[in-house]
Amino acid sequence: MRKKAWMLLLLLLVITMLSACEEKLTASGKPQVVRVGVFKNVTHAAAYIALEKGYFAREWGDDVKIEVTAFDNGSDLSIAMATGDIDIGFVGPGPATTFFLKSGNYRVVSGSNNGGAVLVARNGAGINGVKDLVDKTIAIPSKGNTNEISLRMLLQQEGISLGRDTGSAHLIVRSPSDALISFRQKEIDATLVPEPWGTQIEKAGLGKVVVDWQAIPPNNGDYPTVIMVASDPMIQRHRDIVKGAIKANMDGIAFIQNSPEQAYELINNQLKQYSGKGMDKGLIQSSLSRLKLTTDVDVKVMEEMARVSIAARYIKGIKENELDLSKFVDLSMLEEVKSGK
């Protein structure tokens, strides 16, 4: 009898938990809350404009609450996507691919930005180009992120290995904001970072850009640095919400291209909100000049980057020649939005 009572209690607990996990909908059948993830970087300018101008709210309706979480790196955001804590995210392809191959529960639905990362060398470090990175300490924002993939490819082009031995380049993890401090303390010699951090280091007089964004691999800077991903449940249950997000992103890009002077202040408003401090208008302007805002997604370039992650053992259980990201990228909704459907 006691055993039956415990089983009944367990069943009730399971039912309660499942009920709590049920999606709450508006009267019109839309989700009551859509959770959006972004970075604290100017490379996410299109998402910032879409939020600041109310493009998401316009597409989704006033009855949908938008919850925004700002992340410091792509690994954290990708984990949030994989665990279902975020519905729609703007993230780099490196970590997004790594965690998709582990979870398989979200897809790339649009591009947002290509390029925007630069290699900056500390003043006095004796670095004028990639070949000078031998025996130097280079910082990247996080392990396995898009910037590290680009750095590995950049070093490979010059035949330089990564490691701790003499004759190698030495890798260290520092957030872009900490890289400024590390430059002052001469802890690191160079860093490969997304904008606005490269421009900020230059303007602070601590370093200089030695490889500009158009020479950062792959594809001479024309590679995805910010893509839009959406969770499978959101795509399956609320395709219109995802399409609305794509349209908001497109309109954010168009606004920056057509009204750059107005965009600087709006981007700054979002930076203040999510990073706690604003940015000089000239710094934002200079940073945006190193971006290629686009909804395009080159799957072949993403696969090229993923193969670097496989070689670095960030992606395990898959051979380089077996990699196929066709299931990861679903641009059907983007095409529908472009065609007005």
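Modeller: The account below begins with the sheet and then turns to its helices.

This is a predicted model, in which local features need pLDDT of at least 70 and side-chain atom pairs count only at pLDDT 80 or more, while totals for chains, interfaces and linings use all residues. Residues are numbered from 1 along each chain as its sequence is written, and side-chain values use heavy atoms, with hydrogens and water left out.

Helices (H or I, at least four residues) and strands (E, at least two) are DSSP runs, numbered from the N terminus. The sheet is open and consists of 5 strands in the order β7-β6-β8-β5-β9, with mixed pairing; two strands pair if DSSP finds at least two bridges between them. At the edges stand β7 (170-173) and β9 (207-211), each with a single partner strand, so one side of each is left without a neighbour in the sheet. From one strand to the next, the twist averages 30°. Within this sheet, strand β5 (residues 117-122) and strand β8 (residues 190-194) pair in the antiparallel sense over 5 bridges. In this region Ala121 is found opposite Ala190 of β8.

Helix α7 (residues 176-184) packs on the sheet, where α7 touches β5, β8 and β9. Contact here means heavy atoms within 4.5 Å. The direction of α7 makes about 155° with that of β8; axes are lines fitted to C-alpha atoms, for helices over the stretch in contact, and angles run from 0 to 180 degrees between N-to-C directions.

Helix α6 lies across β5, β6 (137-140), β7, β8 and β9, and runs at about 130° to β8. Helix α6 (residues 146-157) has 12 residues and reaches 17 Å from its first C-alpha to its last, close to the 16 Å expected at 1.5 Å a residue. That expected span is 1.5 Å times one less than the number of residues. Of the 12 residues of α6, 9 are buried, so this helix is largely enclosed by the rest of the structure. Buried means under 20% relative accessible area, exposed over 50%, and partly exposed in between (1.4 Å probe, protein chains only). The buried residues of α6 include Thr146, Asn147, Glu148, Ile149 and Ser150, and Leu151, Met153, Leu154 and Leu155 also belong to this group. After α6 comes Gly159, which has a positive phi, near 70°.
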